Amino acid sequence: MSEALALPGVAPARLTRRGVGRFAKGSAGVLLLLAAWQLSVPLVGLSPYFYPAPSDVVAAFVDLMRKGILPVYFLDSMGRYFAGLAAGALLGVAGGVLIGLNRTVALTLSPLLRFLFAIVEVAWIPIFVVWFGYGWKTILLALVYVVFFPVLYNTLVGVRTAPQALVNALRSLGANRVQVLRYAILPAALPGIITGLRVGAGFAFRGLVFAEIVAAKTGIGYLIFEGTQTQQTARTIVGMVVMGLTWLAIDQCYLRPIERATIQRWGLTVDAEQRA
Amino acid sequence: MLRVPLIATAVIVVVLAGGWATSLVSAQRKLEPLGPTAPRGDYRVTLDFAPERFHQLRLQEAGRLVEVRGNTVFLRDVTPPALRAIAGEYWVGAVERWDGK
């Protein structure tokens, strides 16, 4: 982590202090919000159904854990999310490379893809429910749909912007199509693929909640929906907090390090936090 | 460079493996007093709390849910693998034979 963050002329100890300071500031903001929320509950004077206190949310979290509901819902959601992300990313990369390399395929598919890109997954889910029923097929399809387009377009841009001089040089050295793809086009497209993956991962996370609300009987999205249906608003907030924290963890533990290892390492972009 | 994703993945694998191992031990401990199990049997599953819809749906996957009385759920036609799966759940307090009445 420290290697990835190391900036020229900045000592690691200073970086650690800066990281601790940033964490302390972020935590202070959250604690202030929680304190204001807890103190406002008696002032507002509404029932926990309308306005649960943070202590109610903590109690709901403990209850959901004790009863084994939250772990199962969380694992179900994560299974769907990563399966959808992986399938959507694979199809998106394959489609982007295919369209980027073949003009005929590009001309044939481009209008259709632009048309489909404009239709959000929310509009598709009721149709998917009719076709595949409630359950994992519908959710998986919705997530694949959400991830596919950002990955496809970013891969396509990456493939099209591959340096022609490098491609020509490889060809003149006798490289075949697969070697040109492996040594020139895919490395050039990698930053685009990573950007598409990051965008798609975010879209899929939002899509997951909606898909689970409509088409599932388990999962964090379903917990959010069920909480309001059964007048257990604190459970709904637990679901929302879990979603937020999970996204933070995925972003910090996977997306950012992968981005640093590819895009930033090659000097193509600078993290906004590093600039600050 | 990719140390953080590797550590995170290792932590997830350890947590999942730990959960799986705990579930196996827990199932063994709860089923030991029952002795050998029949190919299909009727059982009384007791929880530490009143079962919610989630628990009833999970238990229905194991067998035919006949009745819910207080914290106890009565199941028929439960196979040994399904029984082990139920007993492995940490929210299941006890599993006992039921004579079906």
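In the predicted model, the axes of helix α6 (residues 121-132) and helix α9 (residues 177-215) of chain A come within 10 Å and cross at roughly 30 degrees. Angles under 35 degrees count as roughly parallel, and α6(A) and α9(A) are therefore assigned to that class. The crossing of α6(A) past α9(A) is right-handed. On the side of α6(A), the contact is formed by Glu121(A), Val122(A), Ile125(A) and Val129(A); α9(A) contributes Gly207(A), Phe210(A), Ala211(A), Val214(A) and Ala215(A). By residue class, this helix contact comprises seven nonpolar residues, one polar residue and one charged residue.

Elsewhere in chain A, helix α3 (residues 54-66) includes Pro54(A). This proline, Pro54(A), counts as partly exposed because it has 17 C-beta neighbours inside 10 Å, whereas burial would require 20 or more. When neighbours within four places in sequence are left aside, Pro54(A) is in contact with Leu34(A), Trp37(A) and Gln38(A). A separation of 39 Å is found between the C-alpha atoms of Pro54(A) and Ile263(A), which stand 209 residues apart along the chain.

The contact between chains A and B involves 11 residues from chain A and 12 residues from chain B. On the side of chain A that touches chain B, α1 (2-5) and α11 (233-264) each supply at least two residues. The largest share of that side, five residues, is provided by α11(A). In composition, the side of chain A that touches chain B consists of eight nonpolar, one polar and two charged residues.

Notes:
Residues are numbered from 1 along each chain as its sequence is written. Chains are lettered from A and ligands numbered from 1 in the order in which they are written. This is a predicted model: local features need pLDDT of at least 70, side-chain atom pairs count only at pLDDT 80 or more; totals for chains, interfaces and linings use all residues. Two residues are in contact if their C-beta atoms, placed from the backbone, lie within 7 Å. Helices (H or I, at least four residues) and strands (E, at least two) are DSSP runs, numbered from the N terminus. Ala, Val, Leu, Ile, Met, Phe, Trp, Tyr, Cys and Pro count as nonpolar, Asp, Glu, Lys and Arg as charged, and the others, Gly among them, as polar. A residue is buried if 20 or more other C-beta atoms lie within 10 Å of its own, exposed if 12 or fewer, and partly exposed in between; C-beta atoms are placed from the backbone. Axes are lines fitted to C-alpha atoms, for helices over the stretch in contact, and angles run from 0 to 180 degrees between N-to-C directions. Angles under 35 degrees count as roughly parallel, over 145 as roughly antiparallel, 65 to 115 as roughly perpendicular and the rest as oblique. A crossing is left-handed if the near helix is turned anticlockwise from the far one by less than a right angle, and right-handed if clockwise.
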